[in-house]
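Keep the 3D view open as you read.

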Amino acid sequence: MNLGTPRGLSSPCQATDSLIPLLNRHWDLLKDGVHSKLFAFDKDMMKLDSDEKILLRGSKGLPNIHHVNDTTMVISYLRGPFLFVFNFHPTNSHEQYSVGVEEAGEYQVMLNTDEKIYGGQGLIDQAQYVQRSISKRIDGARFCLEVPLPSRSAQVSVI
C-alpha cells in the first residue's frame with residue numbers, strides 16, 4: 001500500500017480497499033478534551049526531540065534500556081543525557097520509585113504526562129521536578145533517582 005500522500009493511496013488488492021478510509025487522520029477528534037490533550041503532549045514531545053535531537057543520541061540510535069520490571073510495569077531507559085521512565089500500571093502509583101542512573105547530579109523533568117495540560121491527574125508537585133541522584137546501586141548503575149511515578153504516566157528528565 002502506498003502511504004505517500006492521503007489522496008494518493010492505492011491498495012494492492014480489493015480486500016484492503018475498505019481500509020483506506022481508516023487511514024485518514026481524524027482531525028475532528030481534537031475537539032474532544034482527551035484527544036486534544038494527547039495531541040498537546042505529542043507536539044511537546046516532538047518539539048523536545050527537534051530541539052535536543054533525542055532520537056539521534058545513544059548507541060547507534062538505540063536507547064539504553066536498563067530497567068524493566070514486569071511486576072510493577074515500569075520501564076526506564078537512557079538516551080544520551082535523557083532519562084525516560086514509564087509506569088504502565090493501571091492503578092499502582094509510586095511515591096519514590098528507584099531508577100538507576102550513571103551520572104550523579106540534578107535531573108530536571110522536561111516532560112511529565114501527569115500534568116493536567118496533558119490529561120494527567122497533576123499529582124506531581126512542581127517542587128518535585130528537580131531530583132538529585134543518590135549514591136545507591138540500582139539497575140547496575142552507580143547512582144539512582146527516586147522519582148514520584150503516578151500510574152499510567154511517563155517522565156522525561158535530563159541531567
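This is a predicted model: local features need pLDDT of at least 70, side-chain atom pairs count only at pLDDT 80 or more; totals for chains, interfaces and linings use all residues.

Residues are numbered from 1 along each chain as its sequence is written, and side-chain values use heavy atoms, with hydrogens and water left out.

The protein chain has 1 helix and 8 strands, where helices (H or I, at least four residues) and strands (E, at least two) are DSSP runs numbered from the N terminus. Reading from the N terminus, the order is α-β-β-β-β-β-β-β-β. Of the 159 residues, 34% count as buried, meaning under 20% relative accessible area with a 1.4 Å probe, protein chains only. The accessible surface comes to about 10100 Å², 55% of it belonging to carbon and sulfur atoms; the areas come from the Shrake-Rupley method with a 1.4 Å probe. Among contacts (heavy atoms within 4.5 Å) between residues at least 6 apart in sequence, 57% join residues at least 24 apart.

Now find strand S7, residues 143-149. Because 6 of its 7 residues are buried, strand S7 is largely enclosed by the rest of the structure. Strand S4 (residues 94-101) runs antiparallel to S7, joined to it by 6 bridges; strands pair if DSSP finds at least two bridges between them. Within this pairing, Ser 98 stands opposite Glu 146.

Leu 149 also lies in strand S7, and its relative accessible area is 0%. What surrounds Leu 149, leaving aside neighbours within four places in sequence? Its contacts are Val 74, Val 85, Asn 87, Ser 93, His 94, Tyr 97 and Gln 155. Of these, Tyr 97 is 52 residues away in sequence, yet the C-alpha atoms are 6.6 Å apart.

Finally, turn to Asp 114, in the loop between strand S5 (106-112) and strand S6 (130-132). Asp 114 is buried but has no salt bridge, and the nearest side chain of opposite charge, Arg 152, is 8.3 Å away. Here a salt bridge is a side-chain nitrogen of Lys or Arg within 4 Å of a carboxyl oxygen of Asp or Glu; Lys and Arg count as positive, Asp and Glu as negative, and His and the chain ends are not counted. The side chain of Asp 114 does reach the backbone nitrogen of Gln 121, at 3.1 Å. Not counting residues up to four places away in sequence, Asp 114 touches several residues, including Gly 120, Leu 123, Pro 150 and Ser 153.

Definitions and conventions:
Buried means under 20% relative accessible area, exposed over 50%, partly exposed in between (1.4 Å probe, protein chains only). A polar contact is a pair of N or O atoms within 3.5 Å; within protein, one must be able to donate a hydrogen and the other to accept it, and residues adjacent in sequence count only if both atoms are side-chain atoms.
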